[in-house]
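These are my notebook entries on one structure. I looked up a few things and wrote down what I found.

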Amino acid sequence: MKHERIVEIVREAGFVQAELSRYFPFLKRLVELVEQEVKPKRAKKAKAAFDAVACLIENGVTEEAAQA
């Protein structure tokens, strides 16, 4: 994250220049952590359950034999 953006965020939070200079490394890390939490996490795709009967039928086995 760019230095300017961190300064902007921290000033919006009400920090003054003296505090910003003194605590910048900590504030930078805090902003990074907050942004990680805000980003939506990708939902894991559920794997489709394996259908053995359908697989057998696709490969030429009769439905009766596949069911058995």
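Is E32 buried, exposed or partly exposed? I looked up its relative accessibility, which is 25%, so E32 counts as partly exposed. The cut-offs I used are under 20% relative accessible area for buried, over 50% for exposed, and partly exposed in between (1.4 Å probe, protein chains only).

Entry on the model. I note that this is a predicted model, in which local features need pLDDT of at least 70, side-chain atom pairs count only at pLDDT 80 or more, and totals for chains, interfaces and linings use all residues. Residues are numbered from 1 along each chain as its sequence is written, and side-chain values use heavy atoms, with hydrogens and water left out.

Entry on the layout. I found four helices and zero strands, and from the N terminus the elements run α-α-α-α. Helices (H or I, at least four residues) and strands (E, at least two) are DSSP runs, numbered from the N terminus.

Entry on the overall shape. The C-alpha trace spans about 80 × 15 × 15 Å along its principal axes. I compared the radius of gyration with a rule: a compact globule of 68 residues would have a value near 11 Å, but this protein has 28 Å. The radius is taken over C-alpha atoms, and the globule rule is 2.2 Å times the number of residues to the power 0.38. Buried residues make up 12% of the 68 residues.

Entry on salt bridges. I counted two salt bridges. The term stands for a side-chain nitrogen of Lys or Arg within 4 Å of a carboxyl oxygen of Asp or Glu.

One of them joins E32 to R29, with the closest N and O atoms 3.6 Å apart. Both residues lie in helix α2 (residues 17-38), three residues apart, about one turn of the helix. R29 is partly exposed, at 42% relative accessibility.

I also looked up the bridge between E8 and R5, where the closest N and O atoms are 3.0 Å apart. Why can these two side chains meet? E8 and R5 are three residues apart in helix α1 (residues 3-12), so about one helical turn separates them. An α-helix has 3.6 residues a turn, so residues three or four places apart point the same way. E8 is partly exposed, with a relative accessible area of 40%, and R5 is partly exposed at 36%.

Entry on the two sides of α1. Which residues of α1 are buried? I found I6, V7 and V10. They lie on the same side of α1 because they cover an arc of only 100 degrees around the axis, the arc being that of the directions from the helix axis to the C-beta atoms. The face turned away from this buried side carries the exposed residues E4 and E12. Just after α1, G14 takes a positive phi of about 100 degrees.

Entry on the core. The largest nonpolar core has seven residues: I6, V7, V10, L20, F24, L27 and V31. I then checked L20: leaving aside neighbours within four places in sequence, L20 is in contact (heavy atoms within 4.5 Å) with V7, V10, R11 and L27.

Entry on A68. I found A68 in the segment after α4 (63-67). At 90% relative accessibility, A68 counts as exposed.

Terms used. Core = buried A, V, L, I, M, F, W, Y, C linked by side-chain atoms within 4.5 Å.
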